[in-house]
Amino acid sequence: LLFSILLVKKYGLIGVALGTLIPMAFIKIVVQPVYFCRLTSIKYTEYMYKFYKTVTIVCMALIIPAVISLKYITPDFVHLLVIGSISLIIYMVLILFFVFDSSEIQTMRDSFLSKFYKKRGATAQ
């Protein structure tokens, strides 16, 4: 709140946004990882390696859709849907292959399958 009040005078609404961003980024990048690592006994270096690896892969996954959008986007819902779908597929493939390990993929698969079978079983009765 203090940052927002100080920055609003000079930068207006952008200052309010920056005043919110600065402390939130500090909490998410510095305080939360330290707290989480102490709580779970995970090494801080291991946590940060995984964090930065994931951020790098996510940024790479967003470059291709950004380039496609800049070149081909038009004010048309069909183009928007196609580019959004391509972006989703690229993002999911990169995340599945480079971020998640096999146990995490298995956990997601089990979760989705159990929800599918619960819904299917409920409608069959």
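**Terms and their grounds**

Analyst: The chain contains five helices and zero strands, and its elements run α-α-α-α-α from the N terminus on. Helices (H or I, at least four residues) and strands (E, at least two) are DSSP runs, numbered from the N terminus. This is a predicted model, in which local features need pLDDT of at least 70 and side-chain atom pairs count only at pLDDT 80 or more, while totals for chains, interfaces and linings use all residues. Residues are numbered from 1 along each chain as its sequence is written, and side-chain values use heavy atoms, with hydrogens and water left out.

User: How does the radius of gyration of the chain stand against that of a compact globule of 125 residues?

Analyst: The radius is taken over C-alpha atoms, and the globule rule is 2.2 Å times the number of residues to the power 0.38. A compact globule of 125 residues would come near 14 Å, but the chain has 21 Å. The C-alpha trace spans about 60 × 50 × 35 Å along its principal axes.

User: Why is S4 called buried?

Analyst: Buried means under 20% relative accessible area, exposed over 50%, and partly exposed in between (1.4 Å probe, protein chains only). S4 has a relative accessible area of 10%, and therefore counts as buried. S4 lies in helix α1, residues 2-11. Leaving aside neighbours within four places in sequence, S4 is in contact (heavy atoms within 4.5 Å) with G15, V16, G19 and T20.

User: Is S41 buried or exposed, and on what grounds?

Analyst: The relative accessibility of S41 is 67%, so S41 counts as exposed. S41 sits in the loop between α2 (13-40) and α3. Although S41 is not a glycine, its phi is positive, about 60°.

User: What makes up the largest nonpolar core?

Analyst: A nonpolar core is a set of buried Ala, Val, Leu, Ile, Met, Phe, Trp, Tyr and Cys residues joined through side-chain atoms within 4.5 Å. The largest one has six residues in all: I57, A61, I90, L94, I95 and V99. Helices α3 (44-72) and α4 (77-98) each supply at least two residues of this core, and α4 gives the largest share, three residues. Leaving aside neighbours within four places in sequence, I57 is in contact with L94, I95, F98 and V99.

User: What share of the residues in the chain is buried?

Analyst: Buried residues account for 13% of the 125 residues in the chain.
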